[in-house]
Amino acid sequence: MSQKIKETYPVILIPTVVQNIAVALPEAVAPEIIEKPSKEQPQKPTFKVPLPSKIDTKTLIIWLAVGMMLASTTMSILVVIVTVLLIFYIYNKEKTSYGERKTEYDIKRYKYQTNLEKYELESQKWLEAQSNYRASTSSYTQKLKTYNGIIDELNTKVPIAKKEFNKLSNIELLFGSNAPKGRTEKSFFRVLNQHFPDVEILTDYQVVKYQEFPYTPDFIYYDSRWNLYIDIEIDEPYNGVDKKPTHCIDVDKDKNRDDFFVSNNWVVIRFAEEQVMRQPESCCRFIAKTILFLTGKPIPDVLKKTEDLMPINRWNLSRAKKMARENYRDEY
């Protein structure tokens, strides 16, 4: 069974029969409920404090009029003198208190300007909130319609797909293997179990093609409810012991191996060792996206927030030898 060689990691191979029965729907993401903004527009602040004058002319005129009336009535020089002294006192008091009144005025005027700027900003935000709410309401309605459509389709397709997956024939697993383990397998095993706790992550199982040459997957993602098998491999460019090149795209060993698994209805995912070392969570996100495509199972919330996996170029025999000479695996 021939498979087209992909030039970068991660590599994913899905059997045609599995693609045909996969749910193959986007993730159903419920739209967030929109909170309607306040109906009341912010109130514009008022500023009614008049600019004070140095002399309160009205008060002086009133006192002068009162003094003249009293003087003309009593014809008393004493009354005239008292009136003049009062007027002089009021005049002097008004003149000396002008600074305080002007300061008070300036404070109130500053507060008004500050509140006016705040009002203009809040008013603009209020208008934008009203506009955004009207636009987002329309968007929310469309997103909700799409979400409900995906849910309805999932409810229809998932039971059918699950039934078809369980009809697939699979090869027998034999426990026990003495295949050497890579330096990342132990740590990545823990990460896989952390993010996929409801399925079995199997190691040390053999799959026999020829009795003398069994295959040992690095990890087997096995969901018994779906009869779904995924061979998860971690590829390094050269052996850590003797530095012999491995997993080269111009050598048929891996290709023949992958063809065997795909022909037996297994999905195959290959990561570069560098990806597993640098971005183990992103590798799990890639697996979760594959599961979503196959079964419709949502991506775990923690992996939704994980960055996408950076691609790594695959290597041929010549480049693998160069990587070995340069001790490339020591760089990650």
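Which strands does α4 lie across, and at about what angle does α4 run to β7? The structure is a predicted model, in which local features need pLDDT of at least 70, side-chain atom pairs count only at pLDDT 80 or more, and totals for chains, interfaces and linings use all residues. Residues are numbered from 1 along each chain as its sequence is written, and side-chain values use heavy atoms, with hydrogens and water left out.

Helix α4 lies across β4, β7, β8 and β9, and runs at about 15° to β7. Helices (H or I, at least four residues) and strands (E, at least two) are DSSP runs numbered from the N terminus. Angles run from 0 to 180 degrees between N-to-C directions, with axes fitted as lines to C-alpha atoms, for helices over the stretch in contact. Helix α5 packs on the sheet, where α5 touches β2, β8 and β9, and its direction makes about 145° with that of β9.

The open sheet consists of 5 strands in the order β2-β9-β8-β7-β4, with mixed pairing. Its edge strands, β2 and β4 (200-202), each pair on one side only; two strands pair if DSSP finds at least two bridges between them. On average, neighbouring strands of this sheet are turned by 20° against each other, direction ignored. Strands β4 and β7 run antiparallel and are joined by 3 bridges. The bridge partner of I201 is Y221 in β7.

The largest nonpolar core has 38 residues, of which F188, Y221 and F271 touch the most other members. Such a core is a set of buried Ala, Val, Leu, Ile, Met, Phe, Trp, Tyr and Cys residues joined through side-chain atoms within 4.5 Å. Helix α7 gives the largest share of this core, 7 residues. Leaving aside neighbours within four places in sequence, F188 is in contact (heavy atoms within 4.5 Å) with residues including F219, I232, I234 and F271. A second, separate core of 23 residues includes L202, F260, V268 and A324.

Within α5 (residues 253-263), the buried residues are D254, R257, D258, D259, F260, F261 and V262. Buried means under 20% relative accessible area, exposed over 50%, and partly exposed in between (1.4 Å probe, protein chains only). These buried residues of α5 pack against β2 (11-13), β5 (205-210), β6 (213-215), β8 and β9. Just after α5, N265 takes a positive phi of about 70°.

Residue E233 lies in strand β8 (residues 228-235) and is buried, with a relative accessible area of 4%. The side chain of E233 reaches the backbone nitrogen of D218 at 3.1 Å. Beyond its neighbours within four places in sequence, E233 is in contact with T216, P217, D218, R257, I269, R270 and F271.

Conventions: Polar contact = N/O pair within 3.5 Å; in protein donor to acceptor, adjacent residues only side chain to side chain.
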